[in-house]
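This briefing is for a reader who is new to the structure. Please look over the sequence and the model before going on to the notes.

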Amino acid sequence: MRHGKKFNHLSRTASHRNAMLSNMASSLILHKRITTTVAKAKALRKYVEPLITRAKDDSTHSRRVAFSYLQNKESVTTLFGEVAEKVANRPGGYTRILKTGARLGDNAEMCIMELVDYNELMLKDAAPAKAKTRRSRRGKGSAEKEAAPAVEATEAVVEAEVVEEAPVAETTEEVKAEAAEEVPEADTKEESADNSEKKEEKE
């Protein structure tokens, strides 16, 4: 019984299928781009991506495992050298499938399968990664630093207003002083009038 064994056999025996996927994987690693059917490309993706992940760990064991799948010394050398350097910072998803339409003879869905990091046009079009923003207690310090110049500016404005108001205060003080000076003059006039009346009474 074949319960739970659900994968595309690609109308081939196991040995034929493995040989085909091995050759296709070698071609993809050496040429960085191949044209094939969508069904074969999806099967190849499951076959080659674990090998590319293994190539990040350059050890004798990893090279022997990769060679057991690829059976090609040149592709193993390229995989662990050039390709491993390119994909070092990528956590997966090393391949891309671009559908190109139907094949003329049998109307099979065709596609181009390529290594993602070797398509320079798409890398240029890709938007730059946004800087991650995290809310934390440290953010308050930066907010306070930003608020400090604003506070200084408001203090400067208040000081300017005080300076402008100072002459007004001086003028009010001068008015009061003049009023105070005028009041004694009136008092002296009244006192002189009282004194003259007293003199008249005495006489």
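How many nonpolar, polar and charged residues are there in the lining of the largest pocket? Sorted by class, that lining has four nonpolar, two polar and three charged residues. The model is a predicted one. Its protein chain has 203 residues, of which 24% count as buried.

**Overall fold**

- Six helices and three strands make up the secondary structure of the protein chain.
- Along the sequence, these elements of the protein chain come in the pattern α-β-α-α-α-β-β-α-α.
- Taking contacts in the protein chain between residues at least 6 apart in sequence, 55% are between residues at least 24 apart.

**The largest pocket**

- The space in the largest pocket comes to about 260 Å³.
- Its lining consists of Phe 7, Asn 8, Arg 17, Asn 18, Leu 21, Ala 39, Lys 42, Ala 43 and Lys 46.
- At least two residues of this lining come from helix 1 (14–31), and at least two from helix 2 (38–55).
- With four residues, helix 2 gives the most to the lining of the largest pocket.

**The aromatic pair**

- There is one aromatic pair in the structure.
- In this pair, the ring centres of Tyr 47 and Tyr 69 are 5.6 Å apart and the ring planes stand at 75°, so the pair is edge-to-face.
- Tyr 47 belongs to helix 2 and Tyr 69 to helix 3 (residues 60–70), so the pair ties together parts that are 22 residues apart in sequence.
- Tyr 47 counts as buried because its relative accessible area of 14% is under the 20% cut-off.
- Tyr 69 is partly exposed, since its relative accessible area of 41% falls between the limits of 20% and 50%.

- Thr 95 is found in strand 2, which covers residues 95–102.
- The relative accessible area of Thr 95 is 7%, so this residue is buried.
- The side chain of Thr 95 makes a polar contact of 2.6 Å with the side chain of Glu 49.
- Apart from neighbours within four places in sequence, the residues in contact with Thr 95 are Leu 28, Arg 45, Val 48, Glu 49, Met 113, Glu 114, Leu 115 and Val 116.

Key:
Residues are numbered from 1 along each chain as its sequence is written. This is a predicted model: local features need pLDDT of at least 70, side-chain atom pairs count only at pLDDT 80 or more; totals for chains, interfaces and linings use all residues. Side-chain values use heavy atoms; hydrogens and water are left out. Buried means under 20% relative accessible area, exposed over 50%, partly exposed in between (1.4 Å probe, protein chains only). A polar contact is a pair of N or O atoms within 3.5 Å; within protein, one must be able to donate a hydrogen and the other to accept it, and residues adjacent in sequence count only if both atoms are side-chain atoms. Contact means heavy atoms within 4.5 Å. On a 1 Å grid over the protein atoms alone, a cavity is a set of points where a 1.4 Å probe fits but cannot get out, and a pocket is an open set with protein on both sides within 12 Å along at least five of seven lines; lining residues have an atom within 4 Å of a point. Grid points are joined across faces, edges and corners, and a volume is the space filled by probe spheres set on the points. Ala, Val, Leu, Ile, Met, Phe, Trp, Tyr, Cys and Pro count as nonpolar, Asp, Glu, Lys and Arg as charged, and the others, Gly among them, as polar. Rings of Phe, Tyr and Trp (its six-membered ring) pair if their centres lie within 6.5 Å; planes under 30 degrees apart count as stacked, over 60 as edge-to-face and the rest as tilted.
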